[in-house]
Amino acid sequence: MAEQEKEAALPSKKNFSEWYNDLLQKGEVMDVRYPVKGLYVWFPFGFNIRRNVYDIMRGLLDKDHQETMFPLLIPENEFMKEAEHIKGFEDEVYWVTHGGTTPLDVKLALRPTSETAIYPMYKLWIRSHADMPLKLYQIVNTFRYETKHTRPLIRLREITSFKEAHTVHATWEDAAAQVDEAIRIYTEFYRQLAVPVLASRRPDWDKFPGADYTIATDALMPDGKTLQVGTAHHLGDNFARTFDITYEDAEGEQIYAFQTCYGVSERSIAALISIHGDDKGLVLPPAVAPVQVVIIPIIFKKSDDVLEACETVKADLEAAGVRVKMDTSDNRPGAKYYKWEMRGVPVRLELGPRDLKKNAVMLVRRDTGEKEQVSLDNATDEVLSLLDAIHDDLYSKARADLKERIFECENLEDIREKLPVGIAKIFWCGNKDCGLKLEDDIGAGILGIPDEQSEGCSGKCPVCGSDSSTQVYVARTY
Ligand code: ZN
């Protein structure tokens, strides 16, 4: 390895936090040098990953949602309407108090989330049964004055990529069905990122401020902590009552509407980077990789025919919809491999004079390092099936890893021992005190109650010892 390459090597992924920060910079995802705490800059390469990720989200939502955009600024009087909501966010809101040097009559909040921006308009838009279901979403930045340790893509003061959907329904049941649908959409979204997620219902003390209940999806990070990567909230008619969103029923009576909201942020990208990356850099699922195939011509002296063959392969791949780059820079092949491995390009295609003589190319997988020589004539088909195989393998590997790191635990000692590795699954009596005591005793709380409970199973709450048939996840969280 050349000196320069050695210097640029990443710390081992075993030191997850160091590895993560270094990878964001060297893999050109985020530049962390912006001079405001908790605000980071997308490198163009990282932004390209972001675009591919959010294209997947749009593809899923656009089937029956409409994209929109509401203002960033929310007047104080609207923001302050919903008591629980304010309590949940008051310590985190940035306020705009002046226009130039003139104090504003009404202070303006930078949205920490957009319920109070959107719902005054929903009051005007919802008139009758026929206006529902209304399903809108936007992808915007939001601001939260985080006082905890900030971390790029994970804990931010400016969330740059908040996808928030807001729906309105005629009945509580319709809204509940929409919450389930949101979790299905998110699970499919994460499947396409090759990230397995666990859905669970948050305990009451951890639900969204102003919601009837919250269901969230979590990904398990390499350091054993879970990352909440999607939430869906049933808002009941709580916000409708506050913002006076009503419709006329068949008898001519005004009924409060029922609402949901659900969100995903750039934490989705933090999860996919962290779960798939390795000591050599990013490992990107093909669906989101800005470059899916990099072609490295192996050139000795006069290799015009090699370059020509590479150009033909490139054109064929592009015609098949593959995102291709050809690296004809003056760097040595080793330096080129290093560069594109760091950027997570799923497939490297090498072609030199000897390959050409055999009418073959070499395909190298980024995820496993496996090499395979294939015929030049079938190169495009071989690459396409390899890209599919890479996605499937990344996903099954991540799923197996998640499954291995969920532990059924019976007592506090057992939970304590397993948490550094992953998630504990325990029986819980349902008592809030036990949930909170767990947090005090072992520094990890109840993550949530999974939808799927083992049939006929029962056990004892490890805190109070009473019998229970409800299993919950316990985890350390970001
Ligand atoms: Zn208990």
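In the predicted model, the C-alpha centres of domain 1 and domain 2 are separated by 37 Å. The domain assignment places domain 1 at residues 3-276, domain 2 at 293-401 and domain 3 at 406-475.

A zinc ion is coordinated by the SG atoms of Cys429, Cys434, Cys461 and Cys464, at distances of 2.2 to 2.4 Å. The arrangement is tetrahedral, because the angles subtended by the four donor atoms are 105 to 116 degrees and four donors qualify as tetrahedral if all angles lie between 85 and 135 degrees. Along the sequence, the donor residues follow the spacing C-x4-C-x26-C-x2-C. Cys429 is located in the loop between strand E21 (423-427) and helix H15 (432-442), and Cys464 in the loop between strand E23 (459-460) and strand E24 (467-468); the pair therefore ties together parts that lie 35 residues apart in sequence. Cys429 has a relative accessible area of 28% and is thus partly exposed. Cys464 is likewise classed as partly exposed, at 43% relative accessibility.

A separate feature concerns Glu115, which is situated in helix H6 (residues 115-125). Glu115 is buried but forms no salt bridge. The nearest side chain of opposite charge, that of Arg144, is 6.9 Å away, whereas a salt bridge requires a side-chain nitrogen of Lys or Arg within 4 Å of a carboxyl oxygen of Asp or Glu. When residues up to four places away in sequence are not counted, the contacts of Glu115 include His85, His166, Phe208, Phe239 and Cys261.

Terms used. Residues are numbered from 1 along each chain as its sequence is written. This is a predicted model: local features need pLDDT of at least 70, side-chain atom pairs count only at pLDDT 80 or more; totals for chains, interfaces and linings use all residues. Side-chain values use heavy atoms; hydrogens and water are left out. Donors are N, O and S atoms within 2.8 Å of the metal (3.2 Å for Na, K and Ca); water is not among the atoms, so sites may look incomplete. Four donors count as tetrahedral if all angles lie between 85 and 135 degrees; four count as square planar and six as octahedral if opposite donors are over 155 degrees apart and all others between 65 and 115; anything else is irregular. Helices (H or I, at least four residues) and strands (E, at least two) are DSSP runs, numbered from the N terminus. Buried means under 20% relative accessible area, exposed over 50%, partly exposed in between (1.4 Å probe, protein chains only). Lys and Arg count as positive and Asp and Glu as negative; His and the chain ends are not counted. Contact means heavy atoms within 4.5 Å. Domain bounds come from an automatic or database domain assignment.
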